[in-house]
Structure formats: C-alpha cells, structure tokens
Amino acid sequence: MMNRIEKETFRPEETFALAKELAEQATGGEVICLDGDLGVGKTVFAQGFGAGLGIREPMASPTFTILKEYHTGRLVLYHFDVYRIGSEDEMEEIGFYEMAGNPEGVALIEWSSLIAGIIPEDAIHVNIMKDPEKGFDYRKIVIE
Ligand code: ADP
Ligand code: MG
C-alpha cells in the first residue's frame, strides 16, 4: 500500500473496486486521507473501502456528524468527513487521536486538507481529480 499508484477510472464502480482492493490489503492502523472537489468520489471510495473490509451497512458521507464508525467488518472503519469542522481542536473532542492510527481499525478522512496540521506523517493520501475533457465520469486517482 506504500507505493504510488495512479489510476484512471471511467465509472463509479471502478473507483469503488479500487478502494475495495486496497481495503483487502489493510492491516489496521492506516490513516487514509481522501481529498478532491465536492462530488469527485471521496464517498464512493469510502464505500468501496468499507465493502472491502466486509461492511455491509449502507455508508453515507458523515457530513453533519463528522464521524461515523463501522464495527461489522474485518477492521473497524472510522469514516470522517471534516468539511464542516470549525477547527483542528474540535477533532480531539470527537476522539480523532484515539482513532487515527489505532491498530484495530482504519481511519478514512474526507477533506483531510482542512485539518492538515494534525494528519499523521505516515498517512496515505488519495487525491481524486476530474478532467472535463475526458468525460463526465472520468476520474484520476493518485494514491501515495
Ligand atoms: P464526494 O464524497 O467527493 O463529495 P461522492 O462520492 O459523494 O463525492 O459523489 C461522487 C459522484 O460522482 C457520485 O454521484 C458518483 O456516482 C459520480 N461518479 C461518476 N464517475 C465516477 C468515478 N469514475 N468515480 C467515482 N465517482 C464517480
Ligand atoms: Mg463525501
């Protein structure tokens, strides 16, 4: 999971499948940052990742709650969406420091760039980009 991966997807299902494959390799303790514009596919990626851990519940972006935890997979999934966070300090109250890097689980953080100052150094960064010239459902996904 440590090498740089660059992949183009042409349908949401392909982004889902890429994330699912990565989840199957996760061992616990990973912090995975999901960045890219609104509607680019961060939640689709998170859903694929959840599926790869064996989570069967529906997963939506925790935009209003900041965090949603899933305990029914092979590892705990801590799904953060920090779009509405006021400050990095709020993350402590939510329990971020107990969850990020916890070997029992994996933390996924949508909009991680908004809390860049508290992201662990060894986090995995997933950047998803559109390219209007390549079509509506085209995405470039860079993982490093
Ligand atoms: P975000 O969480 O980044 O705001 P979502 O994952 O909620 O975005 O939404 C992404 C939207 O883009 C979905 O409606 C999805 O069906 C669509 N989509 C189209 N093509 C792709 C693709 N290649 N990969 C991921 N999502 C795609
Ligand atoms: Mg989202």
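Which side chain meets that of Glu6 in a salt bridge? The partner is Lys140, with 3.7 Å from N to O. The model is a predicted one, and the distances below are computed from it.

Glu6 belongs to strand β1 and Lys140 to strand β7, so this pair ties together parts that lie 134 residues apart in sequence. Lys140 is partly exposed at 28% relative accessibility, and Glu6 is partly exposed at 46%.

Arg4 forms a salt bridge with Glu144, and their closest N and O atoms are 2.9 Å apart. Because Arg4 sits in the segment before β1 and Glu144 in the segment after β7, the pair connects parts that are 140 residues apart in sequence. Arg4 is exposed, having a relative accessible area of 51%, where the cut-off for exposed is over 50%. Glu144, at 42%, is partly exposed.

The structure holds 7 salt bridges. Another of them joins Glu14 and Arg11, with the closest N and O atoms 3.7 Å apart. Glu14 has a relative accessible area of 24% and is partly exposed, as is Arg11 at 44%. Through shared partners, salt bridges join Arg4, Glu6, Lys140 and Glu144 into one network. As a general point, side chains of opposite charge can pair when their charged atoms come close.

Now turn to the helix. Helix α1 runs over residues 12–25, which is 14 residues. From its first C-alpha to its last it reaches 21 Å, close to the 20 Å expected at 1.5 Å a residue.

Which residues of α1 are buried? They are Thr15, Leu18, Ala19, Leu22 and Ala23. These residues are on the same side of α1, because they cover an arc of only 140° around the axis. Buried here means under 20% relative accessible area, and Glu14, at 24%, is therefore counted as partly exposed.

What covers the buried residues of α1? The covering elements include β1 (5–9), α2 (42–52) and β7 (139–143).

Terms used. Residues are numbered from 1 along each chain as its sequence is written. Chains are lettered from A and ligands numbered from 1 in the order in which they are written. This is a predicted model: local features need pLDDT of at least 70, side-chain atom pairs count only at pLDDT 80 or more; totals for chains, interfaces and linings use all residues. Side-chain values use heavy atoms; hydrogens and water are left out. Helices (H or I, at least four residues) and strands (E, at least two) are DSSP runs, numbered from the N terminus. The expected span of a helix is 1.5 Å times one less than its number of residues. Buried means under 20% relative accessible area, exposed over 50%, partly exposed in between (1.4 Å probe, protein chains only). The arc is that of the directions from the helix axis to the C-beta atoms. Contact means heavy atoms within 4.5 Å. A salt bridge is a side-chain nitrogen of Lys or Arg within 4 Å of a carboxyl oxygen of Asp or Glu.
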